[in-house]
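Please keep the model open while you go through these notes.

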Amino acid sequence: MTEIDQDFVDGILPPRDPDANKNAFGRVLCVCGSAGYTGAAYFAAQGAVCMGSGVVTLATPEKAWPVLAVKLSEPVVRPLPCGADGMFSQEALPALLALAERADALLIGCGLGRSYAVAEIVLTLIRQAKCQIVLDADGINALSAHKDILQQAAMPVILTPHAGEFARLSGIENASPAELTLFARRHHCIVFYKGHRTLIASPDGALYRNHSGNPGMAKGGSGDVLAGMLVSLCGQGIPAVQAACAAAWLHGRAGDLAANALSEYGMTPSDMLRLLPALLKRYNTREW
């Protein structure tokens, strides 16, 4: 098992080319949100922005769009068709596929809700998207009865379950490292198993463990920030397993900074977003 630390992450994140433009740092698409669950979409999109993506597009149901369009300044927010329940309808699928065609990485799931239409959208995007996919929250729930779809993805999908979501997905309660590795091998995916000591299992059998983070991060929105950070790194061209390791460690360290400054009780995911850029300063091309 490989332990993730600062030196490990330093070997992953490259310095930025001074001549680069926004297209050099990835175009990511976040398929997130529903009426009543706008916070998840907000934190995912902002996590991608703060992690350094060149362009972040948030595709969200039109009933969630008024809230998110006001809250988000950096991402492009695209309203798409939804049903009376405020979740994506199947009429949104053609536009989502068109947006995915232009994306370097795709995040599916934060705040999507559960419905037949949402499940069909998730499964179709997994089958047809040509870029790296990160599947979180309700995206994982939609996959639970259709794990064979993972074999049809263009590249190994990154799944980001906590213990309960992994149990619904696999039928395994409190999975061991060996069980996570077996699942990743069998389904040709990357399992990002969130917990006190997050484990990342690769389909080649490699296993990684993260040690940063604290109990103050156990709040709604924290996992959405992580999902946004992860899809951002994938969109920047960092290989999926390395991106997962770097996102895990940086997310935990942002949480540690927030806890040290504000307490485990009082810190919020918004504080983690605010403090993340300070962690990334070490990767500047030079001091300014």
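1. The second largest pocket has a lining of 19 residues. Nearest its centre lie Pro-14, Arg-16, Met-51, Gln-236 and Tyr-283. Bear in mind that this is a predicted model.

2. How much space lies in this second largest pocket? The volume is about 450 Å³. Sorted by class, its lining has 13 nonpolar residues, four polar ones and two charged ones.

3. Now turn to the largest pocket. Its space comes to about 650 Å³. The lining takes in 30 residues. Closest to the centre are Lys-194, Met-217, Ala-218, Ser-222 and Gly-223.

4. Which elements give two or more residues to the lining of the largest pocket? They are α2 (38–50), α9 (222–235) and α10 (240–262). Of these, α9 gives the most, with four residues.

5. Check the classes in the largest pocket too. Its lining divides into 15 polar, nine nonpolar and six charged residues.

6. Next, look at the helix pair. Helix α4 spans residues 93–101, and helix α5 spans residues 116–128. Their axes come within 11 Å and cross at roughly 30°. Angles under 35 degrees count as roughly parallel, so α4 is roughly parallel to α5. The crossing of α4 past α5 is right-handed.

7. Which residues make the contact between these helices? From α4 come Leu-93, Leu-96, Leu-97 and Ala-100. From α5 come Ile-121, Thr-124, Leu-125 and Gln-128. In this contact of α4 with α5, six residues are nonpolar, two are polar and none is charged.

How values were computed: Residues are numbered from 1 along each chain as its sequence is written. This is a predicted model: local features need pLDDT of at least 70, side-chain atom pairs count only at pLDDT 80 or more; totals for chains, interfaces and linings use all residues. Side-chain values use heavy atoms; hydrogens and water are left out. Axes are lines fitted to C-alpha atoms, for helices over the stretch in contact, and angles run from 0 to 180 degrees between N-to-C directions. Angles under 35 degrees count as roughly parallel, over 145 as roughly antiparallel, 65 to 115 as roughly perpendicular and the rest as oblique. A crossing is left-handed if the near helix is turned anticlockwise from the far one by less than a right angle, and right-handed if clockwise. Contact means heavy atoms within 4.5 Å. Ala, Val, Leu, Ile, Met, Phe, Trp, Tyr, Cys and Pro count as nonpolar, Asp, Glu, Lys and Arg as charged, and the others, Gly among them, as polar. On a 1 Å grid over the protein atoms alone, a cavity is a set of points where a 1.4 Å probe fits but cannot get out, and a pocket is an open set with protein on both sides within 12 Å along at least five of seven lines; lining residues have an atom within 4 Å of a point. Grid points are joined across faces, edges and corners, and a volume is the space filled by probe spheres set on the points.
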